[in-house]
Amino acid sequence: MRESLAPSPHKSGSTQGFYLSPRHDGFVLHMNAGPAHLVEMRAQVFKAVTSAGATEEVADAARLVASELVGNAVRLCGPHAPVVVLVSHTEQQVVVEVHDPEPTVLPCRSAEPPDNPRANTGRGLWILDALAPGWTVTPTPLGKQITCTLPRH
């Protein structure tokens, strides 16, 4: 006899290519990184961080970090790249993690200084350094995960 599984409940905010799973300390979002999904992801990051009691300044920083990481994944893997965004918090910090499917290409800082007006790209890692010093890259069986920890206060 075959046992049937009950369908999982449809999460609020979930649409094709965008699956948001709220957690007690933030959320996990599986998405294809298209333009509309990026807008909604940014809104969800801001909402999760401010709902946790952090300031709007911290929420803006977390939103910018998430945007930079997902933007890098899109530039590397192409439009609609499958990414996972995890946002969590404690009393002292907010953690933003982005997982992309490309395991071999790691972030590489441009030789150009961040204030060089001729540089077209390469400022994202400088932004991470400023907002989340000590960010890390971890290879995984499915790609890589970049973790950024921001002070909550």
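**Exercise 1.** List which residues of helix 1 meet which residues of helix 2, and describe how the two helices cross.

*Solution.* The model is predicted: local features need pLDDT of at least 70, side-chain atom pairs count only at pLDDT 80 or more, and totals for chains, interfaces and linings use all residues. Residues are numbered from 1 along each chain as its sequence is written, and side-chain values use heavy atoms, without hydrogens and water.

Step 1. Helices are DSSP runs (H or I, at least four residues), and strands are E runs of at least two, numbered from the N terminus. Contact means heavy atoms within 4.5 Å.

Step 2. From helix 1, Leu-38, Met-41, Arg-42, Val-45, Phe-46, Val-49 and Thr-50 meet Glu-56, Val-58, Ala-59, Asp-60, Ala-62, Arg-63, Ala-66, Ser-67 and Val-70 of helix 2.

Step 3. The helix axes come within 8 Å and cross at roughly 145°, with axes fitted to C-alpha atoms over the stretch in contact and angles running from 0 to 180 degrees between N-to-C directions.

**Exercise 2.** Find the residues with the most contacts inside the largest nonpolar core, and the element giving the largest share.

*Solution.* Step 1. A nonpolar core joins buried Ala, Val, Leu, Ile, Met, Phe, Trp, Tyr and Cys residues through side-chain atoms within 4.5 Å; buried means under 20% relative accessible area, exposed over 50%, partly exposed in between (1.4 Å probe, protein chains only).

Step 2. The largest such core has 36 residues, and Met-31, Met-41, Val-49, Val-70 and Val-85 have the most contacts inside it. Helix 2 gives the largest share, 10 residues.

Step 3. Met-31 touches residues including Met-41 and Val-70.

**Exercise 3.** Locate His-80 and state its phi.

*Solution.* His-80 lies in the loop between helix 2 and strand 3. Its phi is positive, about 65°, although His-80 is not a glycine.

Terms used: Lists of a residue's contacts leave out its neighbours within four places in sequence.
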